[in-house]
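We'll begin with a charged pair, then move on to the core and a pocket.

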Amino acid sequence: MRIARFSLNDKPRYAFVQQDPADGKDYLIELDGYPFGAAPVKPTGERYALDADGLRLLAPVIPSKVYGLAKNYEAHAQFMHESGHSEIAHAPEDMVIFSKPSTSVIGPDDPIVIPSYSNDMNFEPEVAVIMGRIAKNVPVEKAMDYVLGFTCVNDVTLRDLQGLDPMWTRAKGFDTSCPLGPWIQTELDWKDAKISFTLNGEDVPMASGTTANLIHGIPEQIAAISSFSTLLPGDVIMTGTPNASGRLDPGDEPIVHVAGIGSLRNVVVRG
């Protein structure tokens, strides 16, 4: 099942995304409520084509918080070392967890804005976990019971500030630094989800990978984070970028692809 958040010339709404076998196209089946609440939701009877006039896909959630894992793939840890961004040659044994505020979240096709105080903004394509239930002190073996689904995320990072600031608050948490979308996929082979990335229409092979190579798996991430922070429905965990990252410049078109979910496109502008 795919769950989308969209607007059609008015306030945000939610929908299921379903393919019509007659024409092979995807349509939004509007829902009558908020799918993260306690009350069940059902279709309103309204259906919209994804390319309908005035229709815009939004970030599938506005979470209360976003957590991410740094250097959660050995290949990325080695890349960061070899590119001079880290003194550590290999991934750390313990999880390195950081956060982004809800104000960093944007949706498909929204602009990623390079702040005036940075000259080195990087892309980091990842799989994001969307929580479906309140989770606190969740054991690893039950962690996936608390997950609603998955989406694409670009953990946009100001690499120059990451090296200058003692904390990553500005480097990771600036406005527009967390593109999410295009929707939530509730069924995914999360143990081996393939991640790829294109920039201006060109594939970037060094940015690709699979969650099969995660150092700390998704259940372990949920268990660790919920041990110190209560996760709410709609909260997001960015699981890590699999390999190399790279520079984003004004006018660029970055697209994160996750097999089984879809593609998340944005554009880059200078603030």
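Start at Asp 110, which is buried, with a relative accessible area of 13%; buried here means under 20% relative accessible area, exposed over 50%, and partly exposed in between, using a 1.4 Å probe and protein chains only. Its side chain meets that of Arg 56 in a salt bridge, 2.8 Å from N to O. Arg 56 is partly exposed, at 41% relative accessible area. A salt bridge, by the cut-off used, is a side-chain nitrogen of Lys or Arg within 4 Å of a carboxyl oxygen of Asp or Glu. The pair ties together distant parts of the chain, 54 residues apart: Arg 56 sits in strand 5 (residues 55-57), and Asp 110 in the loop between strand 8 (105-106) and strand 9 (111-114). Strands (E, at least two residues) and helices (H or I, at least four) are DSSP runs, numbered from the N terminus.

A quick word on the ground rules: this is a predicted model, so local features need pLDDT of at least 70 and side-chain atom pairs count only at pLDDT 80 or more, while totals for chains, interfaces and linings use all residues. Residues are numbered from 1 along each chain as its sequence is written, and side-chain values use heavy atoms, with hydrogens and water left out.

Searching the whole structure turns up 17 salt bridges. One of them joins Asp 10 and Arg 13 at 2.9 Å, N to O; Asp 10 is partly exposed at 41%, whereas Arg 13 is buried at 15%. Another pairs Asp 249 with Arg 247, their closest N and O atoms 2.8 Å apart. Shared partners also link Lys 100, Glu 124, Asp 155, Arg 159 and Lys 172 into one salt-bridge network.

Now for the nonpolar side. The largest nonpolar core has 51 residues, and Met 121, Met 131 and Ile 222 have the most contacts inside it. Such a core is a set of buried Ala, Val, Leu, Ile, Met, Phe, Trp, Tyr and Cys residues joined through side-chain atoms within 4.5 Å. Leaving out residues up to four places away in sequence, Ile 222 touches Val 129, Met 131, Ala 143, Met 144, Val 147, Leu 231 and Ile 237, where contact means heavy atoms within 4.5 Å.

Which element gives the most to the lining of the second largest pocket? That is strand 7, with four residues. Residues lining this pocket include Phe 98, Lys 100, Trp 168 and Gly 173. A pocket here is an open set of points on a 1 Å grid over the protein atoms alone, where a 1.4 Å probe fits, with protein on both sides within 12 Å along at least five of seven lines; lining residues have an atom within 4 Å of a point.
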